[in-house]
Each structure stands twice: as structure tokens, then as C-alpha cells.
Amino acid sequence: MPLSFVRFLSLLLFVLTTQSAQSATCTSLVSGNWSAAATWDCGGQPANGDSVVVGHALTLDTTTRRLAGLTVVAGASIVDNGSSWAIVLAGPLINNGTITVSGGASGSFSLAGHSTWAGSGVVNARYIDMGSFYQLTLA
């Protein structure tokens, strides 16, 4: 193999392993605003690539970062504060609670990757933005 191809593969492997090493699972600790650091066990609001577990009543007061997955347990909720915020999801949704992103002119779920949605919960969204190439599967 040419040396430049080997360097490319090495760099690609480094980037992929660095990104996955930075991903975390963030779990809500208390009811409150999505953007409040005290809401989360990961030291701040979930970052790009994190998976999120919501076990409390959360107010969506910002657009989320690109989440690798989202789980809302029974009795928990995510409800926007009336503005045009979005949940950006690049992976599965397991919803056994309530999610409402319908405030403002464009409250939405925005897919940033293929996604499978499962669970017995309710999703109220003004829009579901599926992007150009993403697939949504309802299970």
C-alpha cells in the first residue's frame, strides 16, 4: 500500500476512536431546564454524540446538540418552553414518557441520522425534519 493511504487510514482510525471515546451517556438528575448543568450527571448539558436518559420533567429551553440516542422513561417528560427549539437526534428514540416540541413557529424533531422510534410514549412535534437522506422507523 502507498504510504499516503496508510497515513489516511491511521488518521481516520484515530478520529473515529477519539470521537467514540468522548461520547457519554447523560442522565437527568432532577427536573429543570435542559440547558442547566445541574440537571445532568455528565457535568453540563449533553454534548454532540452523547446518549441521553431522561427520568424527570425537563423544560427544553434550547436546541439540543446532536444526540446519539434518547430514552425518556415512563412518567418523565421533555416539554419546550414555547419557543422554536428542536431535538436533534442521530440515533434511536425510546419514549415511554411525553415529548412536546411544538412551541413557536418551528418546534421540531430534527433527524441527523437514521432513527428507530419505539416505546409507548407520546411525541407532540410541530415538525419532524427527516433531512434529505435519513430514514425514520417506527417500531
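This is a predicted model: local features need pLDDT of at least 70, side-chain atom pairs count only at pLDDT 80 or more; totals for chains, interfaces and linings use all residues.
Strands β7 and β10 pair in the parallel sense, and four bridges connect them. Within the pair, V88 stands opposite S110 of β10. Strand β7 is covered on both of its faces: A86 and V88 are buried on one side, and I87 and L89 are buried on the other.

Leaving aside neighbours within four places in sequence, I87 is in contact with L60, T64, L67, L70, I78, I99, V101, S108, F109 and S110. I87 is also among the residues with the most contacts inside the largest nonpolar core, together with W34, V54, L70, I78, I99 and F109. That core has 20 residues. Several strands contribute to it, with at least two core residues each from β3 (51–54), β4 (57–60), β5 (69–72), β7 (86–89), β9 and β10 (108–111).

T64, one of the contacts of I87, sits in the loop between β4 and β5. T64 counts as buried because its relative accessibility is 5%, under the 20% limit. Its side chain reaches the backbone nitrogen of V88 at a distance of 2.8 Å. Apart from neighbours within four places in sequence, T64 is in contact with W34, A86, I87 and V88.

Stepping back to the whole chain, the protein contains one helix and 14 strands. Of its 139 residues, 32% are buried. The protein exposes about 7,300 Å², and carbon and sulfur atoms supply 59% of that area. As for how the sequence is brought together, contacts between residues at least 6 apart in sequence were considered, and 31% of them join residues at least 24 apart.

Five of the strands form an open sheet with parallel pairing, in the order β2-β4-β6-β9-β12. The edges of this sheet are β2 (32–33) and β12 (122–125), each of which pairs on one side only. As a general point, the strands of a sheet pair through backbone hydrogen bonds, in either a parallel or an antiparallel manner. Inside the sheet, β6 (residues 77–80) and β9 (residues 98–101) run parallel and are joined by three bridges. The bridge partner of S77 in β9 is T98.

V79 lies in β6 and counts as partly exposed because its relative accessibility is 33%, between the limits of 20% and 50%. Setting aside residues up to four places away in sequence, V79 touches L58, T59, L60 and T100. Between V79 and V123 there are 10.0 Å in space, C-alpha to C-alpha, although the two are 44 residues apart in sequence.

T100, which V79 touches, is found in β9. In this case the residue is buried, with a relative accessible area of 16%. The side chain of T100 makes a polar contact with the side chain of N124, at 3.3 Å. Beyond neighbours within four places in sequence, T100 is in contact with I78, V79, D80 and N124.

A search of the whole structure finds one disulfide, which joins C26 to C42 with an S to S distance of 2.2 Å. The link is right-handed, with 110 degrees about the S-S bond.

Technical notes:
Residues are numbered from 1 along each chain as its sequence is written. Side-chain values use heavy atoms; hydrogens and water are left out. Two strands pair if DSSP finds at least two bridges between them. A nonpolar core is a set of buried Ala, Val, Leu, Ile, Met, Phe, Trp, Tyr and Cys residues joined through side-chain atoms within 4.5 Å. Buried means under 20% relative accessible area, exposed over 50%, partly exposed in between (1.4 Å probe, protein chains only). Contact means heavy atoms within 4.5 Å. A disulfide is a pair of cysteine sulfur atoms within 2.5 Å. Accessible areas come from the Shrake-Rupley method with a 1.4 Å probe; for residues, only the protein chains shown count as cover. A polar contact is a pair of N or O atoms within 3.5 Å; within protein, one must be able to donate a hydrogen and the other to accept it, and residues adjacent in sequence count only if both atoms are side-chain atoms.
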